[in-house]
Amino acid sequence: MILNTTHYNAEHKTIISDLIGRRFSLVQKLRLRGIGSKRMIIDNVSPNMMSLMNKVSDTNYGNIELRPKGILIMINKGLNNFTWIIPFYQLVIYKTNGSSIHAQGRFVHFRNNITFKENKTFFKKLMDLKIDYDSEYEMPNGI
């Protein structure tokens, strides 16, 4: 689900907390040593997300925020902000010349440059949280 979060909307806050949980507490943020990535350059997106990208040759930026049951990908388009909500059970990450995040029939590919390399520890945190989530809600072996 993608929301236009340029302006505050209490309904959006409710939707996000229902889907992927409330924000981490201050103690949890300190224990995780931060829950947000640095700004990364978006290299490519799926065709159904092209409307969120700048039309001119401006660089598109995005960042990721961790939540207890998923992630938020914030995309900046000019003066507008869009937030893509991804629960952990839908999240798939590919490491191909950068990082590609797939979910809900969409994808975002982040460019492999200096800002991406600075986020290496963040992606390790992200994968650890996803593994913990997957082990907690394990699928049955057979039906």
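## Close-up views of a predicted chain

**View 1. The whole chain.** Read along the sequence, the elements follow the order β-α-α-β-β-β-β-β-β-β-α-α. That makes four helices and eight strands. Helices (H or I, at least four residues) and strands (E, at least two) are DSSP runs, numbered from the N terminus. This is a predicted model: local features need pLDDT of at least 70, side-chain atom pairs count only at pLDDT 80 or more, and totals for chains, interfaces and linings use all residues. Residues are numbered from 1 along each chain as its sequence is written, and side-chain values use heavy atoms, with hydrogens and water left out.

The C-alpha trace spans about 50 × 40 × 35 Å along its principal axes. A compact globule of 143 residues would have a radius of gyration near 15 Å, and the chain agrees, at 15 Å. The radius of gyration is taken over C-alpha atoms, and the globule rule is 2.2 Å times the number of residues to the power 0.38. Of the 143 residues, 38% count as buried. Buried means under 20% relative accessible area, exposed over 50%, and partly exposed in between (1.4 Å probe, protein chains only). Among contacts (heavy atoms within 4.5 Å) with a separation of 6 or more, 54% come from residues 24 or more positions apart.

View 2. Helix 1 covers residues 10-20, and His-12, Ile-16 and Ile-20 are buried in it. These buried residues fall within an arc of 35 degrees seen down the axis, so they line one face of the helix. The arc is that of the directions from the helix axis to the C-beta atoms. An α-helix has 3.6 residues a turn, so residues three or four places apart point the same way. The buried residues of helix 1 pack against strand 1 (2-4), strand 3 (60-67), strand 4 (70-77) and strand 5. Glu-11 and Asp-18 are exposed on the face turned away from the buried side.

**View 3. Thr-83 in strand 5.** Thr-83 lies in strand 5. Its relative accessible area is 4%, so Thr-83 is buried. Thr-83 and Ile-2 are 81 residues apart along the chain, yet their C-alpha atoms are separated by 5.5 Å. Leaving aside neighbours within four places in sequence, Thr-83 is in contact with Met-1, Ile-2, Leu-3, Thr-5, Leu-72, Ile-73 and Met-74.

View 4. Helix 4 runs over residues 120-136, 17 residues in total. From first C-alpha to last it reaches 25 Å, close to the 24 Å expected at 1.5 Å a residue. The expected span is 1.5 Å times one less than the number of residues. Its buried residues are Phe-122, Phe-123, Lys-125, Leu-126, Leu-129, Lys-130 and Tyr-133. They cover an arc of only 155 degrees around the axis, which puts them on the same side of helix 4. On the other side, Lys-120, Thr-121 and Lys-124 are exposed.

View 5. A search of the whole structure finds two aromatic pairs. Rings of Phe, Tyr and Trp (its six-membered ring) pair if their centres lie within 6.5 Å; planes under 30 degrees apart count as stacked, over 60 as edge-to-face and the rest as tilted. Phe-88 and Tyr-133 form a tilted pair, 5.6 Å centre to centre with 50 degrees between the planes. Phe-88 lies in the loop between strand 5 (80-87) and strand 6 (92-94) and Tyr-133 in helix 4, so the pair ties together parts that are 45 residues apart in sequence. Both Phe-88 and Tyr-133 are buried. Phe-122 and Phe-123 form an edge-to-face pair, 5.9 Å centre to centre with 75 degrees between the planes. Elsewhere, the charged end of Arg-39 sits over the ring of Tyr-61, 3.7 Å from its centre. That term requires NZ of Lys or CZ of Arg within 6 Å of the ring centre and within 35 degrees of the ring normal.

View 6. Ser-99 lies in strand 7 and is buried, with a relative accessible area of 2%. Beyond its neighbours within four places in sequence, Ser-99 is in contact with Ile-93, Tyr-94, Val-108, His-109, Phe-110, Phe-116 and Phe-123. Asn-97 sits in the loop between strand 6 and strand 7 (98-103). Its phi is positive, about 50 degrees, although Asn-97 is not a glycine. Asn-97 is exposed, at 62% relative accessible area. Gln-104 sits in the loop between strand 7 and strand 8 (106-111). Gln-104 also has a positive phi, near 55 degrees, and is a residue other than glycine. Gln-104 is partly exposed, at 31% relative accessible area.
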